[in-house]
Amino acid sequence: MDAAMMVHPGNRTTVYTTSLAIEPLEFTYTGKAAHAAVAPHLGINALDAVILLFNGINALRQQLRPDARIHGIITEGGYTPNIIPERAVARFYVRAKEKKYMLEVKEKVIACAKGAEVATGAKLSYRNFELGFDNLITNKTMVETFKANLKELGYHDISDKEEGVGSTDMGNVSQVVPSIHPHIAIAEEDIAPHSLEFLKAAGSERGKEAAVLAAKALAMTAVDIMTKEELLKKIKEEFKKTVEIS
């Protein structure tokens, strides 16, 4: 395989995009149920452990780089107020600009989880509840070719660079072959991606026109790569250098 390309809908057209590496972590605490009023001293509160985990992570944030992201939810936390929860579960996404630093942050989060285990006595287990993604490496040679093809098609409202803060499995692909993942506008900038308004935009006439435009530009770029030997050589040389650096 020589190259990989895909296009994502957005609220503006950006050809040079990046994404954050991500690790999905699920923490489960197992304690001991007891009546919260009659015999609280006989229980071990798993929910307290999850709350301490959140507090530990919130304290950790101050010592992290600006590109790090940690966000989570409690998926299980007990069933009734008068019973001490014997099981509590929380899920988090840990993200950072590069995979190496993301893995460092991951270990810090796990340390917070272990601290909550010690503090409460609730037994900890953790796992990846989804596959993790690497950070996206955009091949500049390929993306400039794609950009030129957009202009050839009469489209000029293009932003040159945007630092992405989402995560995508295209990041994994970009670590293996030269890749691009541009965004094509289907809505105005005040419409947030992954919102109900964005969903409606995807099915609108503008959304359909953007999909056709993106398909044409991808096809033209593929033809360029397949028919211009020097272009493919330059793409591969750039890829080799960027992967070695990352």
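Colleague: Is Gly171 buried or exposed in this model, and what is its relative accessible area?
Modeller: In this predicted model, Gly171 has its place in helix α4, which covers residues 170-174. Leaving out residues up to four places away in sequence, Gly171 touches Asp134, Asn135 and Leu136. Buried means under 20% relative accessible area, and Gly171 counts as buried because its relative accessible area is 0%.

Colleague: How many Å apart in space are Gly171 and Gly132, C-alpha to C-alpha?
Modeller: Along the sequence, 39 residues separate Gly171 from Gly132. In space, taken from C-alpha to C-alpha, the separation of Gly171 and Gly132 is 10.0 Å.

Colleague: Which backbone nitrogen does the side chain of Asn135 reach?
Modeller: Asn135 sits in the loop that runs between β7 (123-127) and α3 (140-152), and with a relative accessible area of 10% Asn135 is buried. Its contacts beyond four places in sequence include Ser19, Leu20 and Ala21, together with Gly171, Ser174 and Gln175. Lys97, Glu98 and Lys99 are also among the contacts of Asn135. At 3.3 Å, the side chain of Asn135 reaches the backbone nitrogen of Lys99.

Colleague: Which strand gives the most to the lining of the second largest pocket?
Modeller: The second largest pocket holds about 400 Å³ of space, and of the 20 residues lining this pocket, the closest to its centre are His8, Gly166, Ser167, His181 and His183. By class, the lining is made of 4 nonpolar, 13 polar and 3 charged residues. With 3 residues, the element that gives the most to this lining is strand β2, residues 8-10.

Colleague: Which element gives the most residues to the largest nonpolar core?
Modeller: The largest nonpolar core has 28 residues, and those with the most contacts inside it are Phe27, Tyr29, Leu53, Ile70, Val105 and Val109. Two or more residues of this core come from each of β4 (21-30), α1 (46-60), β6 (87-96) and α2 (99-120). The element that gives the most to this core, with 8 residues, is α2.

Colleague: How many residues are in the other core that lies apart from the largest one?
Modeller: Val143, Ile158, Ile186 and Ala214 are among the members of this other core. The core that lies apart from the largest one is made of 21 residues.

Colleague: Which residues are in contact with Val105, leaving aside its neighbours within four places in sequence?
Modeller: Val105 is one of the residues with the most contacts inside the largest nonpolar core. Once its neighbours within four places in sequence are left aside, Val105 is in contact with Leu64, Ala68, Ile70 and Val94.

Colleague: How many Å apart in space are Leu25 and Ile110, C-alpha to C-alpha?
Modeller: Leu25 has its place in strand β4 and counts as buried, at 2% relative accessibility. Among the residues that Leu25 touches, not counting those up to four places away in sequence, are Phe92, Val94, Val109 and Ile110. Leu25 and Ile110 are 85 residues apart in sequence, while from C-alpha to C-alpha the distance in space is 9.0 Å.

Colleague: How many Å apart in space are Pro178 and Ala201, C-alpha to C-alpha?
Modeller: Pro178 is found in the loop between α4 and β9 (179-180), and at 5% relative accessibility Pro178 counts as buried. Its contacts beyond four places in sequence include Asn139, Met142, Ile235 and Phe239. Pro178 and Ala201 are 23 residues apart in sequence, and their C-alpha to C-alpha distance in space is 30 Å.

Colleague: Is His194 buried or exposed, and what is its relative accessible area?
Modeller: His194 is found in the loop between β10 (183-185) and α5 (196-202). Its phi is near 65 degrees, a positive value in a residue other than glycine. Exposed means over 50% relative accessible area, and His194 is exposed because its relative accessible area is 75%.

Key: Residues are numbered from 1 along each chain as its sequence is written. This is a predicted model: local features need pLDDT of at least 70, side-chain atom pairs count only at pLDDT 80 or more; totals for chains, interfaces and linings use all residues. Side-chain values use heavy atoms; hydrogens and water are left out. A nonpolar core is a set of buried Ala, Val, Leu, Ile, Met, Phe, Trp, Tyr and Cys residues joined through side-chain atoms within 4.5 Å. Buried means under 20% relative accessible area, exposed over 50%, partly exposed in between (1.4 Å probe, protein chains only). Helices (H or I, at least four residues) and strands (E, at least two) are DSSP runs, numbered from the N terminus. Contact means heavy atoms within 4.5 Å. A polar contact is a pair of N or O atoms within 3.5 Å; within protein, one must be able to donate a hydrogen and the other to accept it, and residues adjacent in sequence count only if both atoms are side-chain atoms. On a 1 Å grid over the protein atoms alone, a cavity is a set of points where a 1.4 Å probe fits but cannot get out, and a pocket is an open set with protein on both sides within 12 Å along at least five of seven lines; lining residues have an atom within 4 Å of a point. Grid points are joined across faces, edges and corners, and a volume is the space filled by probe spheres set on the points. Ala, Val, Leu, Ile, Met, Phe, Trp, Tyr, Cys and Pro count as nonpolar, Asp, Glu, Lys and Arg as charged, and the others, Gly among them, as polar.
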